[in-house]
Amino acid sequence: MPDCLFVRSARRLLFVLALCFLAGNIVHAQFGLVSREEALASAFPGAAVTSERIFLTDAQVDHIEELSRADVDSKLYARYIATQNDEVIGRAYVDTHQVRTKKESLVVSLHADGRVRRIDVTVFLEPPDYIAGPSWMAQFYDRSLDRDLAIHRVIRPIAGATITANTVTLAVRRVMALDQVLRIGTGETTP
């Protein structure tokens, strides 16, 4: 009899744990969050992706701020380089910033020429009502860094989430400028 009670208790515990796991995944998916690995696999399917850490110089920070019209809060960035058949097909960067009072992390994936390929949210600690959805993020896709890549120009605002829209726009501009500065520094492109 005690063994039977133990088996039932173990089954109940497993059932409860399974429900918690499923509920956690539903909440996770509902908010549109993905892992870095999922973001990179979606942005560069079938590509080999290598990671590196970028330490910016003061001159690079100044140039990035000038190009992006956004503050650079950290000199350390994670960069991922995607290759297929020994050719670079794109790069991705992680940009972590504060939205209102809490953090958001984006994986901004770029084509080899620096145009936006995809944007994925990996961390969003603000209330879920304020997260920028995939259709809004798609406004950035295939765009280059220029003056028109701004709210109320080619990027429309988000009703009720103005701070998020502004913050994401600045983050994307910062990443695009970072990529441009790094490519210029390695001779991959002209200014």
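## The main core

A nonpolar core is a set of buried Ala, Val, Leu, Ile, Met, Phe, Trp, Tyr and Cys residues joined through side-chain atoms within 4.5 Å. Buried means under 20% relative accessible area, exposed means over 50%, and partly exposed lies in between (1.4 Å probe, protein chains only). The largest nonpolar core here has 36 residues. Within this core, L56, L106, I119, W136, M137, F140 and V172 touch the most other members.

At least two residues of this core come from each of α3 (58-68), β4 (103-111), β5 (116-124), α4 (134-137) and α5 (162-186). The largest share, ten residues, is supplied by α5. Helices (H or I, at least four residues) and strands (E, at least two) are DSSP runs, numbered from the N terminus.

## Basis of the model

This is a predicted model: local features need pLDDT of at least 70, side-chain atom pairs count only at pLDDT 80 or more, and totals for chains, interfaces and linings use all residues. Residues are numbered from 1 along each chain as its sequence is written, and side-chain values use heavy atoms, with hydrogens and water left out.

I119 is in contact (heavy atoms within 4.5 Å) with L106, V107, V108, M137, F140, Y141 and V172, leaving aside its neighbours within four places in sequence.

A second, separate core has eleven residues. Among them are L40, Y80, A92 and V94.

## Two positive phi angles

D142 sits in the loop between α4 and α5. D142 is not a glycine, yet its phi is positive, about 65 degrees. D142 is partly exposed, with a relative accessible area of 47%.

H152 also lies in the loop between α4 and α5. H152 has a positive phi of about 70 degrees and is not a glycine. H152 is exposed, at 66% relative accessible area.
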